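Hello,

Here is the structure you asked about. Please open it and follow along with the notes below.

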Amino acid sequence: MGALDTLYETSEELAEFLEEASSQPLKDNKGKKITIKSCDEVSRPQLTKIVWSYVKHNGLQDGKFIDPDDVLEPVLGSKKVSMFQLQKLLNDHLFLEDDDE
């Protein structure tokens, strides 16, 4: 398993977002359906795909900013964030098994 395939445990806020996102017909850049296998663990690349698909599906992108809805706001922690801040904000919700939360 490569570093990109590492599964991380998710925070409660992220797990709730993933549960909500799994009920929507999310697709990747190529139009392929995104399947969320678990709300309790996810790889970074998979999480990025899910979040971007959710943002696009729900019309939350405003130029270079993401304007989170009530579902995404607990994860991003703000009403409007730069797309360049996304990875740092998501990292706050990912934990390796050995991490101290």
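**Salt bridges and a buried residue**

K80 is partly exposed, with 41% relative accessible area. Keep in mind that this is a predicted model.

K80 has a partner. Its side chain meets that of D62 in a salt bridge, at 2.8 Å from N to O. K80 sits in the loop between α3 (73–76) and β5 (81–82), while D62 is in strand β3 (residues 61–62), so the pair ties together parts that are 18 residues apart in sequence. D62 is partly exposed too, at 43% relative accessible area.

Why can such pairs form? Side chains of opposite charge can pair when their charged atoms come close.

How many salt bridges does the structure hold? There are three. Another joins E73 and K79, whose closest N and O atoms are 3.2 Å apart. E73 is partly exposed, at 23%. D92 and K88 also pair through their side chains, at 3.8 Å from N to O. D92 counts as partly exposed at 44% relative accessibility. K88, at 55%, counts as exposed.

Next, look at the surface. K30, K32, K37 and K49 form a positive patch. K32 lies in the loop between α1 (12–21) and β2 (41–42). K32 is exposed, with a relative accessible area of 59%.

Now turn to I50. This residue is in helix α2 (residues 44–57). Is I50 buried or exposed? At 1% relative accessibility, I50 counts as buried. Leaving aside residues up to four places away in sequence, I50 touches F17, L18, A21, L26, I34, I36 and V42. A21 is 29 residues from I50 along the chain, yet their C-alpha atoms are separated by 7.7 Å.

Best wishes

Definitions and conventions. Residues are numbered from 1 along each chain as its sequence is written. This is a predicted model: local features need pLDDT of at least 70, side-chain atom pairs count only at pLDDT 80 or more; totals for chains, interfaces and linings use all residues. Side-chain values use heavy atoms; hydrogens and water are left out. Helices (H or I, at least four residues) and strands (E, at least two) are DSSP runs, numbered from the N terminus. Buried means under 20% relative accessible area, exposed over 50%, partly exposed in between (1.4 Å probe, protein chains only). Contact means heavy atoms within 4.5 Å. Patches are made of residues with over 30% relative accessible area and no salt bridge: like charges are joined within 9 Å, nonpolar side chains (Val, Leu, Ile, Met, Phe, Trp, Tyr) within 5 Å. Accessible areas come from the Shrake-Rupley method with a 1.4 Å probe; for residues, only the protein chains shown count as cover. A salt bridge is a side-chain nitrogen of Lys or Arg within 4 Å of a carboxyl oxygen of Asp or Glu. Lys and Arg count as positive and Asp and Glu as negative; His and the chain ends are not counted. The place of a charge is taken as NZ of Lys, CZ of Arg, CG of Asp or CD of Glu.
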